[in-house]
Amino acid sequence: MRVLEVSNYEEMSALAAELIGAQVLLKPRCVLGLATGSSPIGTYERLVEAHREGRLDFSQVRTVNLDEYCGLRGDDPNSYRFFMDHHLFSRVNLQRENTHLPNGAAPDLEEECHRYEALIQSLGGVDLQLLGIGRNGHIGFNEPSDSFPPVVHTVQLTESTIQANSRLFERIEDVPTQAITMGVGTILKAERILLIAGADKRYILEEALTGRVTPQVPASVLQLHRDVTVIVCREE
Ligand code: F6R
């Protein structure tokens, strides 16, 4: 595992975008695993810049996102599909049919989980998975629990995650209580993992990277993966 300390969010975003850009240069038809949330917004901004400056071509890239809220359609401004369209997909030359997220509005969520897991494997697996980390150590929406979920599944969001995510909703009652997420097993199958964390996550990151490997701190499982890069900020 490589842990790269940077001064601030700007530096984190620039470095993460360089590493993702390098993956695209290395393998133009790669599969990028992507995340939503505050942490990657700056990274996506830098990727858009690189594309606009003619340094990055996404025409063959395929993407799979970690997760999606249940009950929200892709055109709902709070859905992760909407977030990705807004911050990245519509601003670079990704082919829309090459961008994938779980469908949180699917009538049969169990079936949707199977479909999404099979889809990721049918693309040949993820070359580079971008991750953020929750204050409770979650990755994707894999919350602290008694075991590491192996595959794509639905989850009940914890109170702390609902609280944390409510900043993006008008009312806390509007935050969905369920989501579909890649399992920890799905995430670990990625060839390479890039985790980005702001200074507010230093405490939980330290516990995840140096403490015991336990599903109570889902990110601790990354200690077992062969190719993880962590970028962490010193300051807010
Ligand atoms: C997002 C995701 C979550 C976030 C985590 C950190 O797709 O899966 O695990 O990465 O909650 O969120 P931020 O970056 O908003 O602090």
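A residue is called buried when its relative accessible area is under 20%, exposed when that area is over 50%, and partly exposed in between, using a 1.4 Å probe and protein chains only. Helices (H or I, at least four residues) and strands (E, at least two) are DSSP runs numbered from the N terminus. The structure is a predicted model, in which local features need pLDDT of at least 70 and side-chain atom pairs count only at pLDDT 80 or more, while totals for chains, interfaces and linings use all residues. Residues are numbered from 1 along each chain as its sequence is written, and side-chain values use heavy atoms, with hydrogens and water left out.

Because 6 of its 6 residues are buried, β10 is largely enclosed by the rest of the structure. In a regular strand the side chains alternate between the two faces of the sheet. In β10, Val228, Val230 and Val232 lie on one side and Thr229, Ile231 and Cys233 on the other, and both faces are covered. Strands are said to pair if DSSP finds at least two bridges between them. Strand β1 (residues 2–6) pairs with β10 in the parallel sense over 5 bridges, with Leu4 as the bridge partner of Ile231. Strand β9 (residues 192–197) also pairs with β10 in the parallel sense, over 5 bridges, and there Leu194 stands opposite Thr229.

Strand β3 (residues 62–65) runs parallel to β2 and is joined to it by 4 bridges, with Leu32 opposite Thr63.

Rings of Phe, Tyr and Trp (its six-membered ring) pair if their centres lie within 6.5 Å, and planes under 30 degrees apart count as stacked, over 60 as edge-to-face and the rest as tilted. The whole structure holds 4 aromatic pairs. The pair of Tyr69 and Phe141 is tilted, because the planes stand at 40°, with the ring centres 5.9 Å apart. Tyr69 lies in strand β4 (residues 67–69) and Phe141 in the loop between β6 (128–131) and β7 (153–156), 72 residues apart. Tyr80 and Phe141 form a stacked pair, 6.1 Å centre to centre with 10° between the planes. Ring pairs link Tyr69, Tyr80, Phe141 and Phe169 into a cluster.

An oxygen atom of the ligand is 2.7 Å from an N or O atom in the side chain of His138, and an oxygen atom of the ligand is 2.7 Å from a polar backbone atom of Gly140.

Key. Polar contact = N/O pair within 3.5 Å; in protein donor to acceptor, adjacent residues only side chain to side chain.
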